[in-house]
Every structure is written in C-alpha cells, then in structure tokens.
Amino acid sequence: MSVCEDMLLCNYRKCRVKLSGYAWVTACSHIFCDQHGSGEFSRSPAVCPACNSALSGKLDIVRTELSPSEEHKAMVLAGLRPETVLDISSRALAFWTYQVNPP
Ligand SMILES: [Zn+2]
Ligand SMILES: [Zn+2]
C-alpha cells in the first residue's frame with residue numbers, strides 16, 4: 001500500500017478512493033468516502049467497517065467537509081480558549097498521522 005501524503009484514502013477495504021468533498025470520520029480514527037460512510041453508518045448500531053469498533057456515541061461518527069470554506073475556517077474555532085484550539089489541532093494531526101502512517 002502506498003502512502004498518499006496530501007489526500008487520505010477511504011478506509012473501506014475494497015474502495016481506497018482518494019477522499020475529497022465530504023468524508024465520514026470515526027472515533028476509532030478511520031475515514032470513509034461519502035458513499036461508504038452514508039451506506040455503512042445509516043444502520044444502527046453502527047460498526048466501523050475497518051476495525052469493527054462499535055460507534056454508538058453521538059460524536060463517534062462525524063461527516064466532515066474536507067476543504068472547508070474560508071468563512072467556515074474563520075469562524076469554527078473563534079471564541080475558544082487557545083489551549084482548546086491547540087487541543088483540537090493536535091488531535092486532528094494525530095488522526096492524520098495515524099492515517100498516513102498506521103502503527
Ligand atoms: Zn469508499
Ligand atoms: Zn475503525
């Protein structure tokens with residue numbers, strides 16, 4: 001498997017499409033294309049198709065826009081404390097690192 005450094009790939013085993021537009025991210029650090037995310041996570045209880053983790057929490061599955069608008073970027077973290085901003089950033093970076101360089 002090659003490591004793609006500027007785009008993540010759908011973690012659905014038979015898909016592996018380069019992700020753009022919207023993607024579904026999970027609390028178990030997996031990410032799926034819009035097609036597989038909406039298909040797999042519409043049933044309940046939701047289970048991660050990559051690692052079989054149960055995803056029952058409200059924020060265990062989030063559909064996210066991979067290239068948010070300037071307006072969204074300008075506002076989404078506004079008002080949060082600096083340590084909260086950094087906490088969110090470091091978790092997002094850990095997610096990315098896990099995806100491009102799995103343990
Ligand atoms: Zn997919
Ligand atoms: Zn998973």
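Donors are N, O and S atoms within 2.8 Å of the metal (3.2 Å for Na, K and Ca), and sites may look incomplete because water is not among the atoms. This is a predicted model, in which local features need pLDDT of at least 70 and side-chain atom pairs count only at pLDDT 80 or more, while totals for chains, interfaces and linings use all residues. Residues are numbered from 1 along each chain as its sequence is written, chains are lettered from A and ligands numbered from 1 in the order in which they are written, and side-chain values use heavy atoms, with hydrogens and water left out.

In sequence, the donor residues of the zinc ion (ligand 2) follow the spacing C-x1-H-x17-C-x2-C. They are C28 (SG), H30 (ND1), C48 (SG) and C51 (SG), at 2.0 to 2.3 Å. H30 sits in the loop between β1 and β2 (31–33) and C48 in the loop between α1 (34–40) and β3, so the pair ties together parts that are 18 residues apart in sequence. Helices (H or I, at least four residues) and strands (E, at least two) are DSSP runs, numbered from the N terminus. The arrangement around the zinc ion (ligand 2) is tetrahedral because its four donor atoms subtend angles of 104 to 113 degrees; for four donors, that term requires all angles to lie between 85 and 135 degrees. H30 counts as buried at 10% relative accessibility, and C48 is buried at 0% (buried means under 20% relative accessible area, with a 1.4 Å probe and protein chains only).

C33 counts as buried at 9% relative accessibility, as does H36 at 15%.

Of its 32 lining residues, V25, T64, I88, A92 and F95 are the closest to its centre. The elements that give two or more residues to this lining are β1 (22–26), β3 (61–65) and α3 (82–100), and α3 supplies the largest share, nine residues. A pocket is an open set of points on a 1 Å grid over the protein atoms alone, where a 1.4 Å probe fits, with protein on both sides within 12 Å along at least five of seven lines; lining residues have an atom within 4 Å of a point.

Conventions. Buried < 20%, exposed > 50% of the residue type's maximum accessible area, 1.4 Å probe, protein only. Tetrahedral: all angles 85-135°; square planar, octahedral: opposite > 155°, others 65-115°.
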